Amino acid sequence: MRFHIEHTTEYDYPDPASESFSELRLRPRDSLRQKVTRHQTLIEPGVLVESHIDYFGNYVETISIPYRHQRLVISSACEVETKPFNDALGAFDLTIAEARQMYQERRRELHDFLRPSQYVRMVDPVREMASDLLPEAAPFAESLLRLNDHLYRTLRYLPGATDSGTTVEQFLLRREGVCQDFAHLMIAICRAAGLPARYVSGYIETDPPLGDDGKPSEALIGAVATHAWIEVFTPTGYWVGLDPTNNMLDGERHVQIGIGRDYADVPPLKGVFKGGLAQRLSVQVRMTREE
Amino acid sequence: MPADCPSSAAVESLDETQLAQGMGAEIYGRLRDHLSQNDSQELERLSDRGQRLMRDLGVTFALYNEEDAADWILPYDLFPRVLDPETWRFLSQGVIQRVGVWNEFFRDIYDSQEALKSGVVPFELVYDDPGYQRNAVGLAVPDDTFVHVAAFDLARDARGRWVVIEDYVGNVTGVTYGLQARAVLTQAAPELLEMAPVCPVQGYPTELLEHLRGFARGIQEPRIVLLSPGSYNSAHYEHSWLARQMGIPLVRGGDLIVLNSRCYLKTIGGIEPIDVIYRRLDDAFIDPVAFRSDSTLGVPGLMTCVRKGTVTIANAIGTGLGDNRAIGALLPRLAKFYNRGPLSLPSVERRLCFDPDQRAMIESEPESWMIQHVSERSNRLVWHPGRMEAEERSRFLRDLRRHPERYVAEPILPLTPLPTASAGMEGRHAGLRLFVFGGKNPRVFPLALTRHATEADSRTISSGLGGGIRDTWILRDDEPAPVPSAARPVYLSAPLQRRLRLGSRIADSLYWMGRYKSRAEQATRMLLVLRRLQIETAGRESADRWAPIWAALARATSHPTQHLAPDAEGVDDPSYRLLLAPDNSGSVARCLASLHENSRGVRETIPPEVWSAVHRLHQLCQQAQESEDPTDPVRLSDLMQSLLDAVDQLDGAAGKNMLHDDAWHFWRLGQNVERALSTTRITREVLVKYGRAASEHAADLDLDALLRILSCQYAYRSLYQARPTAPHVVALILQDPALPRSVLACLEDIRASLATVSGVSRQAASASPQRSVAKLANLVEFADLGALFTPAASSGPGKPAAASGLPLGPWLDELGDRLSELSVEISDHHLHHQAFNILR
């Protein structure tokens, strides 16, 4: 599928901001499953945008606005083509214990995705869930799908229930949260069971175009702005995406921006500025499918 | 090294003078004889002298969690450590080899990670260490140099061999204490230094500067700054001292700004590109966007400059990983792996607790080990199971089993004692630190730091825990040095062309020092004059006669008027509230506290006399606030007089001791802006708002009060020799160029200062503060005062002219506003760089 995505973030500062410096992770990455054919970032006020690739292979842009300003608008526009990934988990006929054995060879490369990280804490309840839901003798592929399903059914998607600093423990107590919380929890459970898992930040097409029969096809849950899901490393050497907020494998309607150990590695925007703390933020994402 | 090492039992009982050989032993003998000649009283006198010099030189170390941290003076001892030339050559080669291995390790880790792939270093050790900076992987550094400056702590092992007990390859501290130890000895007991051919050390800062200059990617006159975490850091003394000795700016994160992958210093002349940053700030804090976002100490975006290679950071980003003691323990293996081994100066036999076999060894006899955190360098994270009660020990060992990756263990080394003059020549355990310059051609400078424990049998030598320092003598002989000990000397025939101008933060602090000083002075003078007026007119005028003037003054000094309302006890005199009341954010005491705080931040750039005058002003208020009855009118009156005297002292100290350079001009700018503003506001409030007849015949009393508040009654009398009239008073206060605090005189002073500091400024003249001040001066100088006292047409004949009807009020309001705008403009152009046009 081909998508045109426009992602606009606007900050209004009642007290002027200055010496603002930000890192943007907004350009979707290129992978086997998706290709970015065009991308452009526009900043208002007009400043130079510089870019580099980070440790995890994500495309990062940086901007610096030293002088006083009361408004900052960041607009990112891109064209992405996604490809289907049929039967991503179908071919595995092995247990979790066997899968873990097969990771041994790549222990060093996978280490970051097996260890706790800033948002992914392996607290006791997480370890318990890992031994219940991903026991060593259970089949690898089936268990992952069951875990995805379990989280989808037992936890509630509720926008605004949590914020970007919510930990796995807090989410487990509240039992409601957003895609980021679902992703962090699922990563924690996978890692606790010895399965390498990483965080994916991206876009999802929530409202698909109307079908031939005039009815919309299935609507998906996703944040108004960006979406988040996870990837698990398979014993045969590739990453497969699971979206616990929608209880599905990632598909053609998912567009990846970047990957990392958790949210802290791929925030769409990270920056500092001087000025009053009060700021008004509005984010708008438009994702349209091009036939 | 001597082949006939003494047995371990013997080493335990020996001190350094007994282990020394040849020339070293001889010099130790002479020192001991000489110092032992003195009786204990003489020795004490000499020691006291050393200690006094430490205080005079201000050799301090801020202890964390201590109340009066800023004033801790390190204990000093006269008896030096002596290193004979042979030992020095051996140790130098050892540390040079070691710094090379560390550099190779960083080069590998931040590139292809062969040491991890091959398992020489377990990858978990690196990947789980917060000092491993993922952001720095794949980034090239100039000359492939990561470790520009390193230090190593040495001690003798049980057989008397030197081993490295601590590697410092990230943020290296202590060199200043080594230098000051020599300075103190030279002054306290110069006769000692005449006993031996000791290598001089005073050239170290220049060597360091030349060394850093070598990493500027070929730039001819590189601009170098020392980036410090600020004045609350325990090593602040060292940072400011080194920066001053090298002649480079001491900066904080906020002084630098990143623009399009280039790092700039904010100076009063605009932003200036920086080529080399000698940083004393840890990786985690250095860039709040790339690393810890809660850090306010760093430079947002600095990593983009590193990535583009536009600035050299020394030591390179990511070297904090070297604090990991487990990696330090593996250095001999790394030396072989990189074909640089074997190490001539080995690491202490450190045990890694995550290795089950090594842990078992520790658990079998825990009392013979000293256990440390694997990477935290805090001297509080050291455990001695041998000194723990049984219960505490088993609790500790449980934690060690649960988190073995957090701990490393070392045998307890002798830290061979040195005779100690301040302890009646008894031995005190001591350690040795050597400093190395890394790079393509690593070398050492003949300088070392010796620290010692101050208590008998104690092994606590850390300066942060009360350890003392002493001189280290590196002896010369005729043999040429095995490695070049000097950098390529740089001689310049003319002063630097690209000299950095005064940093904006320092200018900003001086500007605000000037403003706060003038504000406090003005408020105090007003209070004093009004109190006297009240006393002089008692009986003739009712007490509330002065209430409007009090209120006017409160308003003119931006006080909320509730500070003037009588309080519950019926105290009418607002002096206490305006001077000292803790809940008044605009009190004189607060102004002086702000003056003090601003001075503290630039303490290293102002003369000590100015600092003590500021300190005294602050203390006067503090003492008054803490006194038994701070509201007592007599005391308050005394306080006001003392404050005014102390302000005069400050002015005198500044005028006499400050260089009349850019810094001086910002101090003047602050004073003149504040004065012009307060003169304008006070005049407006007294004459227009509350004067009974704001006409030519304003009440004598009000005009008299105004002249006295602005301390120009004598000027008025000598000029007019008549009763004051409002237009004449206003003419004097606004327009007389000879009256130092007239608005015109202040503006002329501002104009002169701006002309000096803007000398090389790049800003467009169209919007510069210079232009604004010129316009304002014209406005004031040629103002038609007569018209300002002519009532507006609306007030017809027969109707008394309402005070607000005079054009004088709005005119003074506008003048006040434009003076405030001028202050913002000065800030924008020289201090905060918010003027859009100068950054484009």
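**View 1. Asn247(A) is partly exposed in this predicted model, with 16 other C-beta atoms within 10 Å.** That count falls in the partly exposed class because a residue needs 20 or more such atoms to be buried and 12 or fewer to be exposed. Asn247(A) sits in the loop between β10 (239–243) and β11 (248–249) of chain A. Its phi is positive, about 55°, although the residue is not a glycine.

**View 2. Leu415(B) is a residue other than glycine with a positive phi, near 45°.** The loop that holds Leu415(B) runs between β14 (407–411) and β15 (417–420) of chain B. Is Leu415(B) buried or exposed? Leu415(B) counts as buried because it has 21 C-beta neighbours inside 10 Å, and the cut-off for a buried residue is 20 or more.

**View 3. A cis peptide bond links Glu44(A) to Pro45(A).** Omega for the bond from Glu44(A) to Pro45(A) is near 5°. Pro45(A) belongs to the loop between β2 (34–44) and β3 of chain A.

**View 4. The peptide bond that joins Ala314(B) and Asn315(B) is cis.** Here omega is about -5°. Asn315(B) is placed in the loop between β10 (312–314) and α14 (325–329) of chain B.

**View 5. Arg590(B) is part of helix α21 of chain B, which covers residues 588–601.** Arg590(B) has 18 other C-beta atoms within 10 Å and is therefore partly exposed. How far apart are Arg590(B) and Leu578(B) in sequence and in space? Along the chain, Arg590(B) and Leu578(B) are 12 residues apart; from C-alpha to C-alpha, the distance between them is 9.9 Å.

**View 6. The contact between chains A and B involves 20 residues from chain A and 25 residues from chain B.** On the side of chain A that touches chain B, the elements giving two or more residues are β1 (2–24), β3 (50–53), β4 (59–65) and β13 (269–274). Which of these elements gives the most to that side? β1(A) does, with four residues. By class, the side of chain A that touches chain B has eight charged, six polar and six nonpolar residues.

Note on methods
Residues are numbered from 1 along each chain as its sequence is written. Chains are lettered from A and ligands numbered from 1 in the order in which they are written. This is a predicted model: local features need pLDDT of at least 70, side-chain atom pairs count only at pLDDT 80 or more; totals for chains, interfaces and linings use all residues. Two residues are in contact if their C-beta atoms, placed from the backbone, lie within 7 Å. Ala, Val, Leu, Ile, Met, Phe, Trp, Tyr, Cys and Pro count as nonpolar, Asp, Glu, Lys and Arg as charged, and the others, Gly among them, as polar.
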